[in-house]
Amino acid sequence: MAAPTYATEFEHKLAAWPAPIELTHLEGDVFVTLLQQQGYIEARWTGHITSCDVVTASKVYLALLQRHQCPDKLLNDKADATGDWTEANDWLEFEWLPQAVRAGMRAMAHVYSTNMFSRLSTRDLYLRVIPRLQMANFNNRADAVEWLLSCEATERTQGLSSAS
């Protein structure tokens, strides 16, 4: 059975991929930008984020994996974000993660925020996803990118078809 795809109000942005995708709050402030980088996708978070923001961005990222040939690695950079998004972690663990892994996601490098609440949310998520997904947390972007690019390539990133 194929993984369900999420209907989203961001269809026009998904269709324009690999153009950057900016997700905004109702007030117009960007809370995350999804960017295609060489060998990974980057989620660059800014401002105060909530669990709802995390779920929305995760659905859009999952739709990218399901609809486009995307790298299987995610740089989740929350260095410039604040907020407690722990409430999203149940959904991420039980709904999103199995679908993301089925869609090809293999590794995630997470850059910590200096905000304690965001750091605690990240630590909670880390404990939930290991060992189903390679994940590591970092205090700076350079170390996160280096680790992420060192993760072993999977058949998906090598362009081979995989048997399910």
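1. Strands β3 and β4 run parallel and are joined by seven bridges. Within this pairing, T46 stands opposite D80 in β4. The model under discussion is predicted, and the remarks below should be read accordingly.

2. The pairing of β3 with β4 belongs to an open sheet of six strands, ordered β1-β2-β3-β4-β5-β6, in which the pairing is mixed. The edges are taken by β1 (21-24) and β6 (134-138); each has a single partner strand, so one side of each is left without a neighbour in the sheet. On average, neighbouring strands of this sheet are turned by 15° against each other, direction ignored. Strands of a sheet pair through backbone hydrogen bonds, in either a parallel or an antiparallel sense.

3. The antiparallel part of the sheet includes β1 and β2, which are joined by four bridges. L23 has V32 in β2 as its bridge partner. The hairpin of these two strands has five residues between them, and G28 there takes a positive phi near 100°. Strands β2 and β3 also pair in the antiparallel sense, over six bridges, and Q36 has I41 in β3 as its bridge partner. In this second hairpin there are two residues between the strands, and G39 takes a positive phi near 95°.

4. How much of β4 is buried? Seven of its ten residues are, so the strand is largely enclosed by the rest of the structure. D77 is found in this strand, which spans residues 73-82. With a relative accessibility of 9%, D77 counts as buried, because the cut-off for that class is under 20%.

5. Neighbours within four places in sequence aside, D77 is in contact with E42, A43, R44, W45, V111 and R141. The side chain of D77 also reaches the backbone nitrogen of A79, at 3.0 Å. D77 and Y112 are 35 residues apart in sequence, yet their C-alpha atoms are 7.1 Å apart in space.

6. Helix α2 (residues 51-67) lies across β1, β2 (30-37), β3 (40-48) and β4, and runs at about 25° to β2. Helix α5 (residues 141-150) lies across β2, β3, β4, β5 and β6, and runs at about 175° to β5. R141, one of the contacts of D77, falls within the residue range of α5.

7. Helix α2 has 17 residues and reaches 24 Å from its first C-alpha to its last, close to the 24 Å expected at 1.5 Å a residue. The helix is mostly covered, with twelve of its 17 residues buried. Among them are V54, V55, V60, Y61, L62, L64 and L65, as well as the polar residues S51, D53 and S58. The buried residues of α2 pack against α1 (11-15), β1, β2, β3, β4 and α3.

8. Just after α3, G104 takes a positive phi of about 120°.

9. For the overall description, the chain has five helices and six strands, and read along the sequence these follow the pattern α-β-β-β-α-β-α-β-α-β-α. Of the 164 residues in the chain, 49% are buried. Among contacts in the chain with a separation of 6 or more, residues 24 or more positions apart account for 73%.

Notes. Residues are numbered from 1 along each chain as its sequence is written. This is a predicted model: local features need pLDDT of at least 70, side-chain atom pairs count only at pLDDT 80 or more; totals for chains, interfaces and linings use all residues. Side-chain values use heavy atoms; hydrogens and water are left out. Buried means under 20% relative accessible area, exposed over 50%, partly exposed in between (1.4 Å probe, protein chains only). Contact means heavy atoms within 4.5 Å. A polar contact is a pair of N or O atoms within 3.5 Å; within protein, one must be able to donate a hydrogen and the other to accept it, and residues adjacent in sequence count only if both atoms are side-chain atoms. Two strands pair if DSSP finds at least two bridges between them. Axes are lines fitted to C-alpha atoms, for helices over the stretch in contact, and angles run from 0 to 180 degrees between N-to-C directions. The expected span of a helix is 1.5 Å times one less than its number of residues.
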